[in-house]
Amino acid sequence: MAETKFDVLKGRDRGNWIKLRTITLLRWGAISGQIVAILVAQELFNLDLEIGLCLMVISVSVIGNLIAMVIFPEAKRLSENENLLMVLFDLLQLSLLLYLTGGLHNPFSILILGPVMVSASAFTLRSTIFLAIVTILAVTLLAEIHLPLRTQEGFILRIPDLFVFGNWIAIVIAVLFLGIYSRRVTVEMHAMSDALQATYMALSREQKLTDIGGVVAAAAHELGTPLATIKLTSAELIEDLADRPDLQEDAKLIREQADRCRDIMRSMGRAGKDDLHLRRAPLEAVLREAAEPHLDRGKSIHFDAIALTDEDYEQPIVLRRPEVIHGLRNLIQNGVDFARENVWIETEWSADQIYVRIMDDGEGYPPHLIGRIGDPFMRRRRNTGEPRKRPEYEGMGLGLFIAKTLLERSGAELTFANASDPFGEAPADPTRRGAVVEVVWPRAKIDGQPRSGEEGYLGPNQPLEI
């Protein structure tokens, strides 16, 4: 089965997601607020504003919105550069309006932060830096160059120069701090969103493979009877056609092809059958199934199972859930990728809990990053200067994140450590000096023992409908 590859949605592409309709609606809101503010200042507070010039600046936004609504459909999504130009236009329009209404003496000058916040949340870092520079330049000019606020009696309304300087400093700091803050939060959200998307894709693929295995097993079961009939009939024909060698060869060919069909269906059915027995399996069998793709990769994988108490000597039967198998497989893959020669998979159990430890003899995790292991899009192991063993994963960090997310979804708790921790106890086996991953489940979360009312693992036979 070919493996389908999905491109994870990157944060840099999200600047292309904003609809033109969203921008125009927000601009209509800004236009309405600007008109109300000017009318209130003119009529209620008796300010002598350049009302004609102010309305002309506002009308430019109105005309731009009308043109956009007429030319483009409502569902049009703007590109990154188009969105940048739209936000830059709003920034310059607001700056010009502030120039006409007192510059930084106008209390509404704080609204100039809006375009930078939008850019930090939706655009690339380059676009955000560009808008931040333009905003700082505009604020600097408005601090010195602007039309004064006058009352109708001719008095000039202005705040002390110290407060003007304070407003300038506050806006510049707000542009830098809030821009960085918004950018950081947005990047974290986008990374988590991308990683969760990859996790759901991995789980969906594992579930589909499990379902396909059940379908194949069912097909093999249903085809068993007709194939057996064909084989039996062909065998009788071979005996009856002893005096017809040409026809006897055809009968032999039919029997051989029936055997081949049987072998093919049997090999395809090994992936699993959708019955109650194979929904559950001994713990070690589940671990071996998870490790199966990595058994022939040149590293030795050792399995060890230990009961913690004499009362629970029998190995537990656990549920073969796709997220458990896929999560363990990712952890084992990570160990095999970075191990020198050996990987150890140990399992222990008690009446209440099940423990699985995956260890290797590699370099281990960087000590300063152990607390962050499992975060999406981070590197997981030391760079020893050797050729990269997994160049295809450069810049990603989804393997451990997917494993951690899937296993926690099944009720497990994960702990990452190094066996060669200089501040901890020396490992009993000096060869086990690499990374250690411990997975602990409450036994009730994945226990697959038959419940009351179930007749063993296979379940009751169902009557056939004839």
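Reader: How are helix 4 and helix 5 oriented to each other?
Author: This is a predicted model, and in it the axes of helix 4, residues 114-122, and helix 5, residues 125-144, come within 9 Å and cross at roughly 170 degrees. Angles over 145 degrees count as roughly antiparallel. The orientation of helix 4 and helix 5 is therefore roughly antiparallel.

Reader: Which residues make the contact of helix 4 with helix 5, and how many of them are nonpolar, polar and charged?
Author: From helix 4 the contact takes Pro 115, Val 116, Ser 119 and Ala 120, while helix 5 contributes Ser 127, Thr 128, Leu 131, Ala 132 and Thr 135. Sorted by class, the contact has five nonpolar, four polar and no charged residues.

Reader: Where does Gln 152 lie, and which residues does Gln 152 touch?
Author: Gln 152 belongs to the loop between strand 1 (149-150) and strand 2 (156-157). Asp 48 is 104 residues apart from Gln 152 in sequence, yet their C-alpha atoms are 5.0 Å apart in space. Leaving aside residues up to four places away in sequence, Gln 152 touches Gln 42, Asn 46, Leu 47 and Asp 48.

Reader: Is Cys 54 buried or exposed, and how many disulfides does the structure hold?
Author: Cys 54 has 0% relative accessibility and so counts as buried, whereas Cys 261 is partly exposed at 35%. A disulfide is a covalent bond between the sulfur atoms of two cysteines. The number of disulfides that the structure holds is zero.

Reader: How far does helix 9 reach, and how many of its residues are buried?
Author: Helix 9, residues 322-338, has 17 residues and spans 25 Å from its first C-alpha to its last, which is close to the expected 24 Å. Helix 9 is also mostly covered, and the number of its 17 residues that are buried is 16.

Reader: How many helices and strands are in the chain, and what percentage of its residues count as buried?
Author: The chain has eleven helices and nine strands. Among its contacts between residues at least 6 apart in sequence, 76% join residues at least 24 apart. Of the 466 residues of the chain, the share that counts as buried is 39%.

Definitions and conventions
Residues are numbered from 1 along each chain as its sequence is written. This is a predicted model: local features need pLDDT of at least 70, side-chain atom pairs count only at pLDDT 80 or more; totals for chains, interfaces and linings use all residues. Side-chain values use heavy atoms; hydrogens and water are left out. Axes are lines fitted to C-alpha atoms, for helices over the stretch in contact, and angles run from 0 to 180 degrees between N-to-C directions. Helices (H or I, at least four residues) and strands (E, at least two) are DSSP runs, numbered from the N terminus. Angles under 35 degrees count as roughly parallel, over 145 as roughly antiparallel, 65 to 115 as roughly perpendicular and the rest as oblique. Contact means heavy atoms within 4.5 Å. Ala, Val, Leu, Ile, Met, Phe, Trp, Tyr, Cys and Pro count as nonpolar, Asp, Glu, Lys and Arg as charged, and the others, Gly among them, as polar. A disulfide is a pair of cysteine sulfur atoms within 2.5 Å. Buried means under 20% relative accessible area, exposed over 50%, partly exposed in between (1.4 Å probe, protein chains only). The expected span of a helix is 1.5 Å times one less than its number of residues.
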